Amino acid sequence: MKFETAAIHGGQINTDSHQPVVQPLTLSTNFVHHEGSLIYSRAANPNRLALEALLAKLEKGVSAAAFSSGNAAGMAVFQALAPGSHIIAPDDMYHGLRKQLTTIFDRILEVSFVDMTEVDNIRSVIKENTKLLWLETPSNPLLKITDIRGACAQVDSKEIKIVVDNTFASPVFQNPLDLGADIVMHSATKYFGGHSDILGGALITGSKDAFWEKIKNVHETGGAVLSPFDCYYLVRSIKTLAYRMKGHAEHAGIIATYLDLHDKVEAVYYPGLVTHPGHEIATTQMTGFGGMLSFLFKGSAEETDRFIAKLKFFTNATSLGGVESLIERRAAVEGPDSKTPPNLVRMSVGLEHLDDLLEDLDQALMG
């Protein structure tokens with residue numbers, strides 16, 4: 001099946017004798033004991049099994065685990081590591097997972113944050129206790145691009161697992177398992193959900209090895225599983241994922257070009273621009289450049305806030321990947337320890353009519 005077909009037909013485990021076209025929602029927390037029964041919903045549920053099978057298919061993996069949030073998915077990877085393990089992570093790492101490593105796992109795990117736009121930086125920090133290489137491409141919020149193949153080539157030991165946060169690209173535009181990664185991570189809240197009303201996360205593996213079994217143990221025994229209701233609606237939302245992503249990327253590319261030419265903008269970060277330092281690598285590993293971009297507004301933090309306040313169709317709110325356009329001054333959200341420039345604006349380009357979005361930006365930037 002091609003991607004669009006798999007997205008529509010790949011998430012169906014129908015146990016109803018009436019054979020409805022759409023898999024029913026199974027809310028029961030327990031099941032009658034019999035041969036092959038699921039027993040208890042923390043371990044397995046028909047809707048979660050259907051979603052996990054669908055995610056594995058779309059990311060070209062062999063197994064998946066659906067979590068209660070993207071942070072829970074990332075944390076399960078860290079929890080599966082032995083205390084004292086060393087992690088190599090990107091300097092522009094999503095701040096929620098970075099905060100986990102610097103606070104929750106402080107003095108439990110060792111972390112080196114490096115600029116992964118130069119993959120040679122990875123090899124230079126590998127230690128005897130290095131057990132995880134965490135990649136994020138495009139990164140959040142600076143849209144940095146890491147050469148996934150090149151990064152994987154820096155790792156000689158099979159003891160070092162390679163995980164890629166693929167949230168910004170989605171499997172529509174990038175499949176890290178095909179490029180050498182061991183596991184793919186997603187915040188399913190974002191493009192998988194697509195409507196800003198579902199909280200979820202996912203891990204997809206290319207191999208059911210011992211490390212994956214440790215992650216599955218954290219998942220099922222720890223209990224940070226995705227509810228049947230949210231699994232049901234994610235399967236529904238993913239049916240339109242390919243077409244939504246194409247619209248997001250088309251709009252983002254045009255808006256990035258518009259901003260790049262505007263005298264109120266210092267710099268635009270979008271891998272689809274030929275001027276982006278990661279553009280050439282992005283074209284080798286992505287089939288589209290996604291719906292996320294960021295840019296530096298020419299002004300102070302206060303002036304940047306005033307620009308955002310003038311917008312009508314770009315909602316000043318955190319998160320991304322919904323059908324509506326969102327915008328925020330990222331440093332204000334990340335807090336006092338943020339390393340993001342105070343005038344950096346992160347934009348999740350939605351599916352409103354493009355003319356309305358461009359006119360809205362025009363009137364806000366004119367002021």
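Student: What share of the 367 residues in the protein chain is buried, and what makes a residue count as buried?

Tutor: In this predicted model, buried residues make up 53% of the 367 residues in the protein chain, and a residue is called buried when its relative accessible area is under 20%.

Student: Why is Asp337 called exposed?

Tutor: The relative accessibility of Asp337 is 60%, and the word exposed applies over 50%, so Asp337 counts as exposed.

Student: Where does Asp337 lie, and how far is its C-alpha atom from that of Lys99?

Tutor: Asp337 belongs to the loop between helix H13 (330-334) and strand E12 (344-348); although Asp337 and Lys99 are 238 residues apart along the chain, their C-alpha atoms are separated by 9.9 Å.

Student: How many helices and strands does the protein chain have?

Tutor: The secondary structure of the protein chain comes to 14 helices and 12 strands.

Student: Why is the protein chain called as compact as a globular protein of its length?

Tutor: The globule rule gives 21 Å for 367 residues, and the radius of gyration of the protein chain is 21 Å, close to that value, so the chain is as compact as a globular protein of that length.

Student: What percentage of the contacts with a separation of 6 or more joins residues 24 or more positions apart?

Tutor: Such residues account for 69% of those contacts in the protein chain, where a contact means heavy atoms within 4.5 Å.

Student: How many positive and negative side chains are there?

Tutor: The protein chain has 32 positive and 43 negative side chains, and the centres of these two sets lie 4 Å apart.

Note on methods:
Residues are numbered from 1 along each chain as its sequence is written. This is a predicted model: local features need pLDDT of at least 70, side-chain atom pairs count only at pLDDT 80 or more; totals for chains, interfaces and linings use all residues. Side-chain values use heavy atoms; hydrogens and water are left out. Helices (H or I, at least four residues) and strands (E, at least two) are DSSP runs, numbered from the N terminus. The radius of gyration is taken over C-alpha atoms; the globule rule is 2.2 Å times the number of residues to the power 0.38. Buried means under 20% relative accessible area, exposed over 50%, partly exposed in between (1.4 Å probe, protein chains only). Lys and Arg count as positive and Asp and Glu as negative; His and the chain ends are not counted. The place of a charge is taken as NZ of Lys, CZ of Arg, CG of Asp or CD of Glu.
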